[in-house]
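The following paragraphs lead the reader through a protein structure.

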Amino acid sequence: MIRFHYNLAPNPMKVALFLEEAGLPYEAIPVDTRKGEQHLPAYKAINPNAKCPAIVDGDVTVFDSNAILLYLAEKTGRFLPADTPAARGEMLSWLMFVATGIGPYSGQCVHFRHFAPEPKEYAVNRYDFEAWRHWKIVDERLATRLFMLGDDYTIVDMALWGWARMLPFVAGNADAWGQLPHFKRWFDAMQQRPAAQRAEALKARHAFKSEMDDDARKALFPQNERLRA
């Protein structure tokens with residue numbers, strides 16, 4: 001059975017969606033990052049980067065959400081495009097677009113908009129601009145396709161779904177979806193998938209710490225300790 005180390009952030013939820021879509025048996029092991037559990041030696045032995053998610057599949061350990069999606073897809077032979085160089089190139093390009101664009105810029109937008117101390121005007125402007133630039137590329141892409149790679153549902157859609165769930169929070173705007181009609185059509189369809197609903201049900205399995213107190217800030221933003229030195 002796969003041991004799935006998770007929390008409720010966008011990246012672990014991508015993996016939860018794949019596990020539920022594929023019907024793979026797994027044990028969900030919470031990693032409460034606001035309590036600093038990602039920094040414990042036992043977890044860092046699994047994921048040296050001290051982030052979520054990570055999986056242990058027998059004698060195989062994989063960390064980084066997009067690496068996990070690709071590993072599971074290749075292991076099961078599911079949710080991949082046609083087995084041609086062109087289709088694989090397209091899949092890898094869009095998967096890495098999520099990995100290196102959507103995720104990092106959205107994540108930094110969240111950090112500077114909601115958590116960083118002042119002054120932060122320049123940083124918010126920078127990451128908000130780039131997050132929106134990436135989301136608009138997705139919206140344009142989905143104007144002519146059912147899913148990110150066409151008619152077939154793939155791991156690219158799963159990778160994107162993890163972050164799409166957070167769009168209003170990322171944007172700091174409850175009406176953000178109104179500017180992305182094609183993306184919204186895709187997201188609404190994704191939310192209707194039974195596997196997506198089962199993945200969302202992970203919220204009820206464990207009571208993660210919700211307070212953003214000093215201990216949580218130290219665990220999540222250890223770089224701030226350098227400012228106090």
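In helix α6, the buried residues are Ile 155, Val 156, Asp 157, Met 158, Ala 159, Leu 160, Trp 161, Gly 162, Trp 163 and Ala 164. The model is a predicted one. Burial here denotes a relative accessible area under 20%. Because ten of the ten residues of α6, which covers residues 155-164, are buried, the helix is largely enclosed by the rest of the structure.

In soluble globular proteins, nonpolar side chains tend to be buried together.

Which residues does Trp 135 touch, if those up to four places away in sequence are not counted? Its partners include Leu 160, Trp 163 and Ala 164, which are among the buried residues of α6.

Attention may now turn to helix α5, residues 121-142, where Ile 137 is found. Ile 137 has a relative accessible area of 29% and is therefore partly exposed, since this class lies between the limits of 20% and 50%. Leaving aside residues up to four places away in sequence, Ile 137 touches Trp 94 and Phe 97. Between Ile 137 and Leu 180 the C-alpha to C-alpha distance is 9.9 Å, and 43 residues separate them in sequence.

The whole protein may be considered next. It contains eleven helices and four strands. The C-alpha trace spans about 55 × 45 × 30 Å along the principal axes. The radius of gyration is 18 Å, which agrees with a compact globule, because a globule of 229 residues would have a value near 17 Å. Of contacts between residues at least 6 apart in sequence, 67% join residues at least 24 apart.

Buried residues account for 48% of the 229 residues. The protein exposes about 11,600 Å², of which carbon and sulfur atoms supply 53%. Its side chains include 28 positive and 28 negative ones, and the centres of these two sets lie 2 Å apart.

Methods: Residues numbered from 1 in each chain as written. Predicted model: local features only at pLDDT ≥ 70, side-chain atom pairs only at ≥ 80, totals over all residues. Heavy atoms only, no water. Helix = DSSP H or I, 4+ residues; strand = E, 2+ residues; numbered from the N terminus. Rg over C-alpha atoms; globule rule 2.2 N^0.38 Å. Buried < 20%, exposed > 50% of the residue type's maximum accessible area, 1.4 Å probe, protein only. Contact = heavy atoms within 4.5 Å. Areas by Shrake-Rupley, 256 points an atom, 1.4 Å probe, with all protein chains shown as cover. Lys, Arg positive; Asp, Glu negative; His and termini not counted. Charge placed at Lys NZ, Arg CZ, Asp CG, Glu CD.
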